[in-house]
Amino acid sequence: MRKIFTLFSMSMVAIATAQTTHLTLDEALMLGFEHNPAIAAAQYAEKAAHRERQAAIGLFMPKVSVKGAYTHLDKDIKIDLNHFKTNFSGVLGGVLNNPDVVAALSPYLPAIQGGLSSLLGIDLSYTLQQRNIAFLGGDVVMPIFAGGKIWTANRASKINEQRVKQQSLQVRGALTVEIVERYFGVELAQRGVAIRREAVAVVEQHLHDVAMLEKEGMAVESERLYAEYRLAEAERDLRRTELQLETARKALQSSLGTERRIEPATQLFLLNKVEPLEYFVAMAKLHNPQLGEVEQLRELSRMNLRLHRADYFPEIAAMGGMVFCNHQLSPLVPRMAVGVGLNFKLFDGLNREYRAAAARLQLRRVEALEHKAEQDIALLVEDIYNRVQAMLATISAVERSERFAEEFLRAKRNAYREGMATTTDVVDAVLNLSRTRFELAQTAYELDVALARLLDASGISELFTQYLHSSTTKFLL
C-alpha cells in the first residue's frame, strides 16, 4: 500500500512539474498581452471603431437601391367617353330633322349618315392602368451639399477611433501594473515561504537542543516553552505565507489568461534612483492615455457642435431612377427620371437653436473636465513619485538592518556555544533576521509596483522593462 501511495505521489509531482512554466517578466507581459480577456475586448473595440469610420466614409458615396413591388387593384383604371356618343347622336339627329338643313346637305347626307354610323360604332373607353401591376427598378441618390454634416461625421468617427485607442492604451497600462504586481507578488510569497521555512527549521533544531539540555538538567523548562512558543508562531507565519503564495499564483494565472502554473524567473530588484519629478509630469502631459481620451472627447464635442450648426444650411442631392422591367405597368408612367433635390428647413420650433446651445455647454463642460484631469494626473504622478522616493530611502535602512541582524545572529550563536547566551537569545536573533530579510523583499516589491504605477500614470508603462534591465538595477539574491 505504501508503495502504491509513493508511486501515486511521484506521478502527481511529475504532472505538476510538467504543467509548470518558468517565465521571465518580459515573457509574462507578452503572454498577458496575448491572452488576457481585457486586451481582447480592447482589440474588438478598436476594430469596431475602425468599421464605424469606414461606414462614415460611405456617406460621401452615392446611395444605390433596387426596388420592386406587386400591386393588385380592385378594378382597372379606365377613361369611358361612350356616354358622349348618345348625347352627340341626339344633337345631330335634331339637326338633321330640320328640313332646311336636310335640303342644304342633301348632296352630302349619305356620307354624313355613314360617318355617323361609324362614329357611333367606335368604343371610346381607354384603360389607363390594369388592376395587376408589378415592376422592378432602382434609384440613385448622390449628396452634393449637406452643410458640412458628412465631413463632420467623418471627422468625428476618426476622433472616436483615436479615443478608443487611448482606452486600449489605458487597458494595456493597467494590465502591465497588474501583471507586475501579481508576478512579483508570487516572487515575494516564494521568498517569504523560503525564509520562514528556514526559520522554522532553525527554531526546531534549537528546540531539540534545549529539550536535550533540559533532560540533562542544563536548561530550565521556561527556555523550552519559549522555544515551543516561537516555533508555533513561526509555523503559523509559514502557513499564512503558503496560503498567500497559492492565492498569488491563481491571481497571476488569471492576469496571464492561462491555466499553467507559473514560476517567476525574474527576481525582485532595487534601484538607486529615478528621473526627477518634472520628467514624469512632462511625460504624463504628453502620453497619459486618460488625458488623451479627454482631449479626444473635447474634439468630439466640437464636432457635435458643428453638426448642430450644419442644420442651418440646406441639403442638396442629385437623384435618378429607372424601371428595369415591369408587368402591365401603364405606358403613361415614365421609365426613367433624373433631378436635383433641395431640402431647407426654415423653422422647427427652435429645436436647432436649443440643440446647438446644449452642444456649446457640453463643450464647455468637457473643457472644464480636461483642465481638472490634467491637475489630477499631475497630483497622481507626484503622489506615486513620492512613494517611490520613500521606498528608495527605506532600502538603505533595511539593508543596514539586515546586515546588523546577520551579525547579531552570528554573535549570539558564538555566545551560545560559549555559554554566554541562552536558546531564547538565539531563537529571537533567528526570527529577527527572518523578519528583516522579508522586510527587505517587501520593500523591493513595493518599490517595483510603485515604479510600475508611476510609469503607467506617466503614460510610459512600456518602459518598465528598460528599468528592469538597466545596468544600475540590483536584483535580490
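**View 1. Pairing of β2 with β5 in the predicted model.** Ten-bridge contact is the topic here: β2 and strand β5 (residues 132–145) pair in the antiparallel sense over 10 bridges. Pairing requires that DSSP finds at least two bridges between two strands. Strands (E, at least two residues) and helices (H or I, at least four) are DSSP runs, numbered from the N terminus. A69 stands opposite F135 of β5, and K63 has V141 in β5 as its bridge partner. This is a predicted model, in which local features need pLDDT of at least 70 and side-chain atom pairs count only at pLDDT 80 or more, while totals for chains, interfaces and linings use all residues. Residues are numbered from 1 along each chain as its sequence is written, and side-chain values use heavy atoms, with hydrogens and water left out.

**View 2. Pairing of β5 with β8.** Strand β8 (residues 315–327) runs antiparallel to β5, and 11 bridges join them. G138 stands opposite M322 in β8.

**View 3. The open sheet of four strands.** The strand order is β2-β5-β8-β9, with antiparallel pairing. Each of the edge strands, β2 (63–72) and β9 (336–343), has a single partner strand, so one side of each is left without a neighbour in the sheet. From one strand to the next, the twist averages 25 degrees.

**View 4. A salt bridge between R249 and E263.** The closest N and O atoms of this salt bridge are 2.9 Å apart. R249 belongs to helix α8 (residues 221–256) and E263 to strand β6 (residues 261–264), so the pair ties together parts that are 14 residues apart in sequence. A salt bridge is a side-chain nitrogen of Lys or Arg within 4 Å of a carboxyl oxygen of Asp or Glu. The whole structure holds 30 salt bridges.

**View 5. A patch of positive charge on the surface.** R155, K158, R306, R309 and R360 make up the patch. Two or more of its residues come from each of α7 (149–215) and α10 (289–309); K158 is in helix α7.

Notes: Axes fitted to C-alpha atoms, helices over the stretch in contact; angles between N-to-C directions. Patch = residues over 30% accessible without salt bridge, like charges linked within 9 Å, V, L, I, M, F, W, Y side chains within 5 Å. Areas by Shrake-Rupley, 256 points an atom, 1.4 Å probe, with all protein chains shown as cover. Lys, Arg positive; Asp, Glu negative; His and termini not counted. Charge placed at Lys NZ, Arg CZ, Asp CG, Glu CD.
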